[in-house]
Amino acid sequence: MKSKASLRWKIGKYLFVFAGVLIGLLFLFQVVLLEPMYKQSKMESVRSIGDEIARAIDSDQLEDVLLSTMVQNDACVMIKYGGSAAEVTPNQACTAFSDLSTEQINGMIGFAGISRNRTYMTVRESNYYSSGGSEPFKNIFYTRIVSGKAGNAVIMISSGISPISATTKTLTVQLVYISGAILFAVLLLTFMIYRGIADPLSKITRAAKQLPQGQYCVDPSTNRYREAQELNRTLTEAAADIQKADRAKRDLLSNVSHDLRTPLTMITGYGEMMRDLPGEKTDENLQVIIDESKRLNTLVNDLLDLSRMQENKISLKQEPFDLTEMIETEMRKYDVYRYQENFRIEILTAGKAMVYGDRKRIEQVFNNFVINAINYSGTERHIIIRETIADKEVRLEVQDFGEGIPQDKIDDIWDRYYKVDKQHVRSTQGSGIGLAIAKQVLDLHHLKYGVQSKEGEGSTFWFVMPLDQEQK
Ligand code: ADP
């Protein structure tokens, strides 16, 4: 994989690009475009003075308009009526005009006369220079011909454009300082943002490397922003999960070896006894060996089953079947508990209940619930199998009145190899991973399931299957 630039360079790069754009814009507007923009705005204001005077040309307010526009805009105005050059109002002494020759003035009037909007505007250098500067003052000359009551009137306006090269120079020097300050700020910001973002990330990464060992610890106060805190929280949870899985793995090893060793010890013990003691070769002893071998077989099959299911290597063989019939058939297996071990087993079914699913797997779940109910029913020895139909669904419950499950353990019992009682007690039947298998099967069928339990009062394990509407 191509190695990526570090966060510090990324942040720095973007901030430098931003600073470059900022400085570029400042240079463009403050230095390069300053003079053209200044000239443009001056020309605009001269044009608007022209418009104002043109509107007032025949009115009594002309004098006021002339005065106010001249004062406000620092402009000279000259109006010639009827083509006579003599009638000039009011400040004919304005130097800008006096510097022009009559030919030049007439030339401007001529250009205005032939232009479409009868206006002509030009910029000329004057004979005056700024103090100490080599750049001459410039003047805008605006000429406009308007038709008034007394024939054509020529409005001539002049306004000075001060040389701004000195200003531009000052701004350039300022810009150098500003650029320096901006670049320094960028460096500082890069460092600060990097510390703010990357520091917690590096800390979390360093700590996360310890995760496979089930160790994860970062001081939460070092994470100054929410995302880092969330990442920290997620990793803390992951570490807890890893620890839990690790513990479960260890529990599994000890439980499975316990479960394997017990029948193996029995088989070896009984086998040796039968070999060494002539009178012990009885059918009963042989039956013990057969039963224990079967138990071993069940355990190994269950383990294989679960691992295959968890790797999604098992596909369901779904078909319609009658759940009620399944319950009744399966429950016959438990008659021995009724008659020999004094169990009170109530079976409350709801008539025919056609469902669609993998019968063998559903049987497996049901048997697990029943075996658990038997194993954990305590001295009560009372079990109810209840089947109810409502809203096109059939609900199957297996209830016992035994020890129950503590509330804080209830979510864990579906986990692989979880045992409420850590002191592993060998089940009368079952492999110790029954609920993990049940969960896999029910999940594969997308069924709702769960358990209600109260410590000391008993538990009810249940699942709900939709009725197969096509099968009556
Ligand atoms: P096990 O063979 O240990 O019963 P399971 O996976 O079937 O394995 O059950 C997991 C754990 O859930 C059990 O060890 C037990 O602590 C708890 N449990 C299951 N069923 C019941 C029940 N009916 N009453 C009380 N606890 C139960």
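I begin with what covers the buried residues of helix H2: among the covering elements are helix H3 (62-73) and the strands E1 (75-81), E2 (119-129), E3 (136-148) and E4 (151-161). This is a predicted model, in which local features need pLDDT of at least 70, side-chain atom pairs count only at pLDDT 80 or more, and totals for chains, interfaces and linings use all residues. Residues are numbered from 1 along each chain as its sequence is written, and side-chain values use heavy atoms, with hydrogens and water left out.

Helices (H or I, at least four residues) and strands (E, at least two) are DSSP runs, numbered from the N terminus. Buried means under 20% relative accessible area, exposed over 50%, and partly exposed in between (1.4 Å probe, protein chains only). The buried residues of H2 are Lys42, Met43, Val46, Ile49, Gly50, Ile53, Ala54 and Ala56.

How far apart are the end C-alpha atoms of helix H2? They are 33 Å apart, which agrees with the 33 Å that its 23 residues, 34-56, should span at 1.5 Å a residue; the expected span is 1.5 Å times one less than the number of residues.

I turn to helix H1. Leucine 28 is found in this helix and is partly exposed, because its relative accessible area is 36%.

Finally, confidence. The protein averages a pLDDT (the predictor's confidence in each residue, from 0 to 100) of 84, and 89% of the residues score at least 70. Over residues 84-90, however, the pLDDT is below 50. Where pLDDT is low, the predicted coordinates should not be read in detail.

Methods: Contact means heavy atoms within 4.5 Å.
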